[in-house]
Amino acid sequence: MKRWVITTFFILILSFLNLKAYAHKKMTEDISTPLNAYCESCKTENANVEEEIIEHFKEIPVPVSLDECIGTALLNNFNIKVTYSDYISSKWDYRNALAQFLPDVTFQGYTIYYKGHVLVGGVVPDTVEELAISGTLNVTHDLTKGGEQIFEAKARKLQARANLNNLDFTKDQIILETSKKYYELLQAKISIEIQLKNLYERTAQLKLTQNLMEAGLGTKFDVIRSKSEQALAEQSLIKHLELFRSAQAGLANVMGIEVKTPVFPIETEMQPFILVDEGLTPEELFKIAKFSRDDVKTLENNIKTLKQEKYKVYTDFVPKPRFLYQGQFQGTARAGVYSNNVVGAYLDVPIGSRLGVGTVTKANSVQAKIDSAKYSLEQLLRDIKEKIISDYYSAELLKERIEIARKQLDYATQSVTLAELRLDAGEGILIDVIQAQGIKNNARIELLNTIVEYNINQIQLLYDNGTISYDNIIKNYKP
């Protein structure tokens, strides 16, 4: 009896163990396929951004590089065209001022045909048929109007120089703005790739949770949570697509081409570029800026222009000699033509406009403008120095942030790999993989944003010290 009871007990234990092994085998068979598919989808590194953009906007992208964008902007940007037209106008104003040194020459002439009866002495009638001829040549010269023309010509020359500086400064601004907008567009493009991969992962996650629920190994809560995460991923992707389209319009606009042109950066990744000599100190950069920045030169030439205009005002008190020559000829066709010449010299001795009060008040007004321009120049230099200091130390910190972000991305990548291996081995759970993937996506975005900030910072530093140019920006550019 005891032997039978013991035998029956062992049979029950063996049956339970076999049933448990069968259940584990069955569970593994049910979920191994979706787990493997999910992990494979997570390893997809490159999403086809261009296809996604074409599908979303129904437009064929136009590939562009940074150097192409800057070159096109320098040719087509409308702000450059405006300042160029202003410069050309000021050049003609200067030439017009030089033309005032030339004499003023005029000629007047007439002929009159007489035929009929006239009274000679009011008594004797006579018959007349005659052609009268008359001409007058006038030559006058103001002899600089007491120096007024000299100061006016100098003022116009300096104004033309100031407008040329303003044109160069506008070009610097356009190079800066084009570079910023290009990197912002590239940032938006790479962000779409990150968000697209995130959507792939969330879609695979949803399929997995649905399969697990159908196999009786998951819950409806897991499925709903996965749907919510997939919807968030779709929202984020659409948001970045909208940012990308706005960035396209902004870059096309500053380039001076059709604003709706779907420009598309050719790079697939972002690399930091060192454009400013790291050995220069902020004080050295500021010294370079004082002599290199065209907005500083513009203000300096505007001050010089105002000084010449003030000198011109004071010529109201200066005696003004004038020269006159007049050559005349008069006569008739029958009797002949006879000439005479007149040469005159005049001297005007003014006491200023409105008893001198008008002249002095006008000169004081111009002096106040000179003072204002000097204050503006001093404030501009202070602002430049502040910006250089700020951007200089931002560059130092951004370099450190890039290194930290790279380490963060490397750790996050390893974390995803380990989480997927643990899930494949049955030792981990899905939420670990999801969290690891989210951390990796955030790390990629942080590294991308930091590199964009650094590259823009380098271009800004070139702009700050007045050495920004097409050549300086693309010297280390290798798309």
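User: How many residues does the largest nonpolar core have?
Analyst: This is a predicted model. Residues with the most contacts inside the core include Ile 53, Phe 244, Leu 251 and Ile 473. Tyr 183, Met 270 and Ile 468 are also listed there. The residue count of this largest nonpolar core is 76.

User: Leaving aside neighbours within four places in sequence, which residues is Tyr 183 in contact with?
Analyst: Sequence neighbours within four places are set aside here. The partners of Tyr 183 are then Leu 66, Met 270, Phe 273, Val 452, Asn 455, Ile 456 and Ile 459.

User: Another core lies apart from the largest one; how many residues does that core have?
Analyst: Leu 208, Leu 423, Leu 430 and Ala 436 are among its members. This separate core has a residue count of 9.

User: In what sense do strands E5 and E6 pair, and over how many bridges?
Analyst: E5 covers residues 320-332, and E6 covers residues 336-348. The two form a hairpin with 3 residues between them. Their pairing is antiparallel, and the number of bridges is 13.

User: How many salt bridges does a search of the whole structure find?
Analyst: Side chains of opposite charge can pair when their charged atoms come close. One such link is a network that includes Glu 152 and Arg 156. Glu 309 and Lys 312 belong to that network too. For the whole structure, the number of salt bridges is 18.

User: How far apart are the closest N and O atoms of Lys 399 and Glu 278?
Analyst: The pair links distant parts of the chain, 121 residues apart. Lys 399 is in helix H9, whereas Glu 278 is in the loop between strand E4 and helix H7. The two residues form a salt bridge, and their closest N and O atoms are separated by 2.6 Å.

User: Why are Asp 391 and Lys 387 separated by about one helical turn?
Analyst: Their side chains meet in a salt bridge, at 3.8 Å from N to O. Both residues sit in helix H9. They are separated by about one helical turn because their spacing in that helix is 4 residues.

User: Which helices hold Glu 453 and Arg 401?
Analyst: The side chains of Glu 453 and Arg 401 meet in a salt bridge at 3.5 Å, N to O. Glu 453 is partly exposed at 36% relative accessibility. Arg 401 is partly exposed as well, at 33%. The pair is 52 residues apart, with Glu 453 in helix H10 and Arg 401 in helix H9.

User: What share of the residues in the protein is buried?
Analyst: The protein has 11 helices and 6 strands. Its accessible surface comes to about 27,700 Å², with 57% belonging to carbon and sulfur atoms. Out of 479 residues, the buried share is 38%.

Definitions and conventions
Residues are numbered from 1 along each chain as its sequence is written. This is a predicted model: local features need pLDDT of at least 70, side-chain atom pairs count only at pLDDT 80 or more; totals for chains, interfaces and linings use all residues. Side-chain values use heavy atoms; hydrogens and water are left out. A nonpolar core is a set of buried Ala, Val, Leu, Ile, Met, Phe, Trp, Tyr and Cys residues joined through side-chain atoms within 4.5 Å. Buried means under 20% relative accessible area, exposed over 50%, partly exposed in between (1.4 Å probe, protein chains only). Contact means heavy atoms within 4.5 Å. Two strands pair if DSSP finds at least two bridges between them. A salt bridge is a side-chain nitrogen of Lys or Arg within 4 Å of a carboxyl oxygen of Asp or Glu. Accessible areas come from the Shrake-Rupley method with a 1.4 Å probe; for residues, only the protein chains shown count as cover.
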